Amino acid sequence: MQNTQTYSKPRQKTFDLVITAMLATLVFVSTVYLNIKLPILSKGGLVHLGTAMLFIASILFGPKKGALAGAIGMGLFDIVGGWMIWAPITIVARALQGFIVGKIAWSKGHKGDNIALNVIAMIVSIPVMIAVYYIGEVILYNNWVAPLASIPGDLVQNVLGIIIAIPVWIILKKTPYFKKNF
């Protein structure tokens with residue numbers, strides 16, 4: 001059954017803003033409260049569930065909302081969590097990652113409803129995220145070798161994000177909201 005209710009343009013923009021703010025909040029909360037510091041990395045580093053939320057948001061709501069949720073949620077975490085120097089790098093890396101996942105998941109007429117396409121989307125986004133952080137670290141530390149130590153943690157975080165995101169968005173896609181509105 002299709003949703004026949006239509007909203008005026010200002011009301012739709014408000015609804016989109018609210019959804020985007022909620023997604024950014026979910027990414028932020030998942031990053032703040034569901035994280036583990038990696039003591040093996042000399043420069044610090046975290047494995048958190050914000051990446052899983054970024055994947056879920058991008059797959060369920062598309063590239064724009066996914067990019068904004070990742071950039072705002074994880075960028076805000078860096079700002080308030082004592083990682084301020086990382087905020088610009090995080091904002092770029094996570095905006096690109098969310099956009100890539102959403103763009104691929106919503107390509108060819110799909111709206112995040114193709115499991116294979118969604119998994120490909122998440123996998124394709126990982127090298128981009130790692131490259132942005134690598135370049136950022138090269139600039140921060142003026143060293144081409146030291147940033148290589150962060151790559152294993154980034155990979156673990158993304159693999160964990162994929163493992164969590166897959167069953168969650170499969171379940172959420174079956175809810176009445178997504179069946180009715182997408």
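Because the model is predicted, local features are reported at pLDDT of at least 70 and side-chain atom pairs are counted only at pLDDT 80 or more, whereas totals for chains, interfaces and linings use all residues. Residues are numbered from 1 along each chain as its sequence is written, and side-chain values use heavy atoms, with hydrogens and water left out.

The protein contains seven helices and two strands, where helices (H or I, at least four residues) and strands (E, at least two) are DSSP runs numbered from the N terminus. In sequence order, these elements follow the pattern α-β-β-α-α-α-α-α-α. The radius of gyration, taken over C-alpha atoms, is 17 Å, close to the 16 Å given for 182 residues by the globule rule (2.2 Å times the number of residues to the power 0.38), so the protein is as compact as a globular protein of that length. Along the principal axes, the C-alpha atoms fill a box of roughly 55 × 35 × 25 Å. Of the 182 residues, 43% are buried, which here denotes under 20% relative accessible area, with exposed set at over 50% and partly exposed in between (1.4 Å probe, protein chains only). Among contacts (heavy atoms within 4.5 Å) with a separation of 6 or more, 71% involve residues 24 or more positions apart.

Helix H1 (residues 9–33) packs with helix H2 (residues 50–61) at an angle of about 160°, their axes lying 7 Å apart; axes are lines fitted to C-alpha atoms over the stretch in contact, and angles run from 0 to 180 degrees between N-to-C directions. H1 is therefore roughly antiparallel to H2, a description applied to angles over 145 degrees, while those under 35 count as roughly parallel, 65 to 115 as roughly perpendicular and the rest as oblique. On the H1 side, Ile19, Leu23, Leu26, Val27, Ser30 and Thr31 meet Gly50, Met53, Leu54, Ala57 and Phe61 of H2. By class, this contact comprises eight nonpolar, three polar and no charged residues, with Ala, Val, Leu, Ile, Met, Phe, Trp, Tyr, Cys and Pro taken as nonpolar, Asp, Glu, Lys and Arg as charged, and the others, Gly among them, as polar.

Val32 also belongs to helix H1 and, at 24% relative accessibility, is partly exposed. Val32 and Leu76 are 44 residues apart in sequence, with a C-alpha to C-alpha distance of 9.8 Å. Val159, placed in helix H6 (residues 151–173), is likewise partly exposed, at 44% relative accessibility. The C-alpha atoms of Val159 and Thr51 are separated by 9.3 Å, although these residues are 108 residues apart along the chain.
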